[in-house]
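Here are my notes for your review. Please read them with the structure open.

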Amino acid sequence: MATSEAILQVLSGAVPRLFYSEPCSKNSNSRLSLKYCVSRRQKKGSQVMQRVDFSRSSRNCMRIYALDGLHGFSHGNALNVHLESGSCKCQHAESVNAVPAEDEHGGRSSNSWNSQKVEVAQQMNNENGSVVSMEKLNNENGSVASMEKLASTRTINSTPNRVSADSTDDEAWNLLRESLVYYCGNPIGTIAANDPTDTSILNYDQVFIRDFIPSGIAFLLKGEYDVVRNFILYTLQLQSWEKTMDCYSPGQGLMPASFKVRTVPLDGDDSAYEEVLDPDFGEAAIGRVAPVDSGLWWIILLRAYGKCSGDLSVQERVDVQTGIKMILKLCLADGFDMFPTLLVTDGSCMIDRRMGIHGHPLEIQACVFHPTFYHSSPVFFQALFYSALLCAREMLAPEESADLMRALNNRLIALSFHIREYYWTDMSKINEIYRYKTEEYSYDAVNKFNIYPDQIPPWLGEWMPNKGGYLIGNLQPAHMDFRFFSLGNLWSIVSSLATIDQSHAILDLIEAKWADLVADMPLKICYPALEGEEWRIITGSDPKNTPWSYHNGGSWPTLLWQLTVACIKMNRPWIAENAVKIAERRISRDKWPEYYDSKRARFIGKQAHLYQTWSIAGYLVSKLLLANPDAAKILVNVEDSELANAFSCMLSANPRRNRVRKGPKQSFIV
């Protein structure tokens, strides 16, 4: 197929990516299996394929190493797409990673092979403590298979030592690298948790897009860009591109919640195997919920990769541009409500249970939507949504996305006004709500959402400091959720969804209520917890979300990195520094748990997994950013003058003048 024809098909939706020179056969099933580096072994054992199982005991991710006889296959060779219900073998048009240079006869040049040998030797010497000579590599005839043989032997024989780390930072880096997942020898992500003593793995051995974000940022700040680039491009291939009208298939543009590397026999040949990326769009989740926030985090990480590495070629690729547009079209779909925020249906989030979040919440910890409500009720963090829109606007090619850019700008202006004006609360706002009149019928009503003053909870008046404020958790007609949600407020600062004054006020609140929000382990996910009869009614007496546990007021160390970014942006890094010092006292000793329980976070979460990767990565990102505050710019969104001016105009505008229906210019005789 000609290149121009391929581009037209991608933009029209006929072909998902320009990775392939031929279009994939049409198939209703959107799950992909990416084949790569197929290797064969003879039954008599002269050629052996060794497999390192994806298990907790080995602490290594799944890999396949062909120890001899790759039959011409090497990294960067044909990357094929296989749809489960049909056969689709396409030629690879563009490799994900660079491959050794070829000479004029199509073979690998000696200089390229020698440089690869040096890299392999240095890597093995540095990581294994042994000496691998160039003579030994030369004796292997310079083949990829032979070098992988030595590398795989090193990987299998080496045993990570978690006790010998000189410091908490060193231990964290060792643990983070142990959690890496490899796909045909290339690192493509990190598993959710890597506890070798845990027998209940569940789905924590998968690569979650949401969980990988702090890991990816840590690698970017360390200058290790390949793993992030691989993650971005491979997860892009897992994106659903087919428009569906049923409740059992992912919608067009949806990114998977997670994926796993599997090794399966090659079709029709039990003597050969292939590595497969198996995505999960929520089919295996409790409640069968599907993710929306994955695509938003993917956009944010894509921007961070370009800013940190300086490699803008990835975001400029046609397939990546198409992926961004598909995510935005999914998020900007018209709904039945009149709010610029997006509707959440209770029970439709990754907490797998009710938590009283129905309506238009500022954020929910793991945002997803139920497939049943796909066309009318997408849900995700409003703050994360805002940040992703800004990042996408920065990366999209304007000449090819005029209509989308217009819709994007309109939503940004409306969303920023709505959140800043109606979600903000401080002592002044509480006093205003306390004197609200209800049942106001007019465009100029002060109590626009008919909020009843009796909804102000008794704890709020005592808890709210005189200096400080925050964005409330939820707002819908006749209901306000006054709980403080850390992630939504912190990301409102990072994304500039909150004004400068509001951002400082949020940090003022955190400092004033340090004992409640930070306590013995940062950071409380929300405050206060649902307790007593309220907990029984709203959560259904959920045994996992007991008061001050899990998503009901539990403390999550991974929030450290987002607190750090927010503090650095507002030139108040000492807040994050104090939080990191508190975490360092015990997080390593406690084996890096997923979350903590109790009001002061003194207990390790009753169902928390240990060696949780995003707890490890969140700590590392905080340390790296505090050491180099300028690096936070890869994550921060700075409000532009157009949005600020539009916000000011909306505040000063007369709502009646904007909304009143205009009479007909011409009179008619009836």
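Which side chain does D319 join in a polar contact of 2.9 Å?

1. It is the side chain of R317. This is a predicted model. D319 sits in helix α10, residues 318-331. D319 counts as buried, because its relative accessibility is 2% and the cut-off for buried is under 20%.

2. Next, the β9 pairings. Strand β9 (residues 258-266) pairs with strand β8 (residues 207-208) over 2 bridges, in the antiparallel sense. There, F208 has S258 as its bridge partner. β9 also pairs with strand β10 (residues 269-280), again antiparallel, over 9 bridges. The hairpin of β9 and β10 has 2 residues between the strands, and G268 takes a positive phi near 75°.

3. A salt bridge joins the side chains of R262 and D278, at 2.7 Å from N to O. R262 belongs to β9 and D278 to β10; the two are 16 residues apart and link distant parts of the chain. R262 is partly exposed at 35% relative accessible area. D278 is buried at 14%.

4. Now the open sheet. Its 4 strands run in the order β13-β14-β15-β16, with antiparallel pairing. β13 (424-425) and β16 (526-527) are the edges; each has a single partner strand, so one side of each lacks a neighbour in the sheet. Strand β15 (residues 479-485) is joined to β16 by 2 bridges. F485 is opposite C526 in β16. Helix α15 (residues 486-494) packs on this sheet and touches β14 (470-476) and β15. The direction of α15 makes about 80° with that of β15.

5. The largest nonpolar core has 144 residues. Those with the most contacts inside it are W298, I299, I324, L328, Y470 and W561. Helix α11 (residues 382-395) gives the most to this core, with 10 residues.

6. The salt bridge count comes to 19. One of these joins E533 and R536 at 3.7 Å, N to O. Both residues lie in helix α18 (residues 532-539), 3 residues apart, about one turn of the helix. E533 is exposed at 52% relative accessible area, whereas R536 is partly exposed at 43%.

7. E584 forms a salt bridge with K623, with the closest N and O atoms 3.0 Å apart. The pair links distant parts of the chain: E584 is in helix α20 (residues 573-584), K623 in helix α21 (residues 613-627), 39 residues apart. E584 is partly exposed at 28%. K623 is partly exposed at 26%. Elsewhere, salt bridges that share partners join R303, K307 and E394 into one network.

Terms used. Residues are numbered from 1 along each chain as its sequence is written. This is a predicted model: local features need pLDDT of at least 70, side-chain atom pairs count only at pLDDT 80 or more; totals for chains, interfaces and linings use all residues. Side-chain values use heavy atoms; hydrogens and water are left out. Buried means under 20% relative accessible area, exposed over 50%, partly exposed in between (1.4 Å probe, protein chains only). A polar contact is a pair of N or O atoms within 3.5 Å; within protein, one must be able to donate a hydrogen and the other to accept it, and residues adjacent in sequence count only if both atoms are side-chain atoms. Two strands pair if DSSP finds at least two bridges between them. Contact means heavy atoms within 4.5 Å. Axes are lines fitted to C-alpha atoms, for helices over the stretch in contact, and angles run from 0 to 180 degrees between N-to-C directions. A nonpolar core is a set of buried Ala, Val, Leu, Ile, Met, Phe, Trp, Tyr and Cys residues joined through side-chain atoms within 4.5 Å. A salt bridge is a side-chain nitrogen of Lys or Arg within 4 Å of a carboxyl oxygen of Asp or Glu.
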